[in-house]
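The following note sets out some points for a colleague who is reading this structure.

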Amino acid sequence: MTLTLHWSPRSPFVRKVMVAAHERGVADRLTLVRSVAITTDPNPALMAANPLNKIPTLERDDGPPLTDSRVICEFLDTIGDAPPLIPEGEARWPALRRQAMADGLTDLLVLWRGERGRPQPSRPHLDAYRVKAIATLDRLELEAVEFPARPDIGDIAVGCALAYADFRFADLAWRGGRPRLASWQAGFDARPAAQATAIVDDEAKPMAPA
């Protein structure tokens, strides 16, 4: 099976897929293709696989392309021999719930950064993004426990969301007043899968494929 991942060193959702691939032990099966996905400048090469012009997008030689990090991570859970990232039974719902919350936080941060970069940013939008981000971080602090020996998809999504906050929102200083969440994130950052996929702003330095 040939797997080609449309990839960027700065995308938090691409990183989520890469962390999942490392945790599943299948990162070396992915061929990474640097793909630029700019909202105002559609990329024809990327759109050939994903008409929404978004990354991550995973092309397969035995089926149609897969889009959205959640779908791709679920696919990665079907290959390789490592324990699944998406639990079965009752444990499935807390993991998926945390993934949804973390992905929502990441979406919010991406929108917030975009608004900040506008020539005349909307103060109501900026204020609303901050309120919702802080409320979500506070909820994650309340729910934070010791980082697990084996992370699930919810843990991966939360870890990548918080790392993106570090990358683009240093001024948010989210660790302040959230000691449990800060300790939890330290556990995520220490994992080999996280260290191999750290977000960078240097396009010449790709995430390690394996």
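1. Rings of Phe, Tyr and Trp (its six-membered ring) are taken as a pair if their centres lie within 6.5 Å; planes under 30 degrees apart count as stacked, over 60 as edge-to-face and the rest as tilted. By this rule, the count of aromatic pairs comes to four. The model is a predicted one.

2. One of these pairs is formed by W112 and F169; the pair is tilted, at 4.7 Å centre to centre and with 35° between the planes. W112 belongs to helix 4 (residues 92–116), whereas F169 sits in the loop between helix 6 and helix 7 (179–189), so the pair ties together parts that are 57 residues apart in sequence. Both W112 and F169 are buried.

3. How are the rings of F147 and W184 arranged? Their centres are 5.0 Å apart and their planes stand at 65°, so the pair is edge-to-face. Because F147 lies in the loop between helix 5 (123–143) and helix 6 while W184 lies in helix 7, the pair ties together parts that are 37 residues apart in sequence.

4. F147 has a relative accessible area of 14% and is therefore buried, since buried means under 20%. W184 likewise counts as buried, at 3% relative accessibility. Ring pairs join F147, W184 and F188 into a cluster.

5. Is A157 buried or exposed? With a relative accessible area of 2%, A157 is buried. A157 is placed in helix 6 (residues 153–168). Leaving aside residues up to four places away in sequence, A157 touches K16, Q99, A102 and D103. The C-alpha atoms of A157 and A182 are separated by 15 Å, and the two residues are 25 residues apart along the chain.

6. As to the overall fold, the protein has eight helices and four strands. Along the sequence these elements follow the pattern β-α-β-α-β-β-α-α-α-α-α-α. Of the contacts with a separation of 6 or more, 72% are between residues 24 or more positions apart.

7. A compact globule of 210 residues would have a radius of gyration near 17 Å, and the protein, with 17 Å, agrees with this. Its C-alpha atoms fill a box of roughly 45 × 45 × 30 Å along the principal axes. Buried residues make up 46% of the 210 residues.

8. The protein exposes about 10,500 Å², of which carbon and sulfur atoms supply 55%. There are 26 positive and 28 negative charges, and their mean positions are 5 Å apart.

Notes
Residues are numbered from 1 along each chain as its sequence is written. This is a predicted model: local features need pLDDT of at least 70, side-chain atom pairs count only at pLDDT 80 or more; totals for chains, interfaces and linings use all residues. Side-chain values use heavy atoms; hydrogens and water are left out. Helices (H or I, at least four residues) and strands (E, at least two) are DSSP runs, numbered from the N terminus. The radius of gyration is taken over C-alpha atoms; the globule rule is 2.2 Å times the number of residues to the power 0.38. Buried means under 20% relative accessible area, exposed over 50%, partly exposed in between (1.4 Å probe, protein chains only). Contact means heavy atoms within 4.5 Å. Accessible areas come from the Shrake-Rupley method with a 1.4 Å probe; for residues, only the protein chains shown count as cover. Lys and Arg count as positive and Asp and Glu as negative; His and the chain ends are not counted. The place of a charge is taken as NZ of Lys, CZ of Arg, CG of Asp or CD of Glu.
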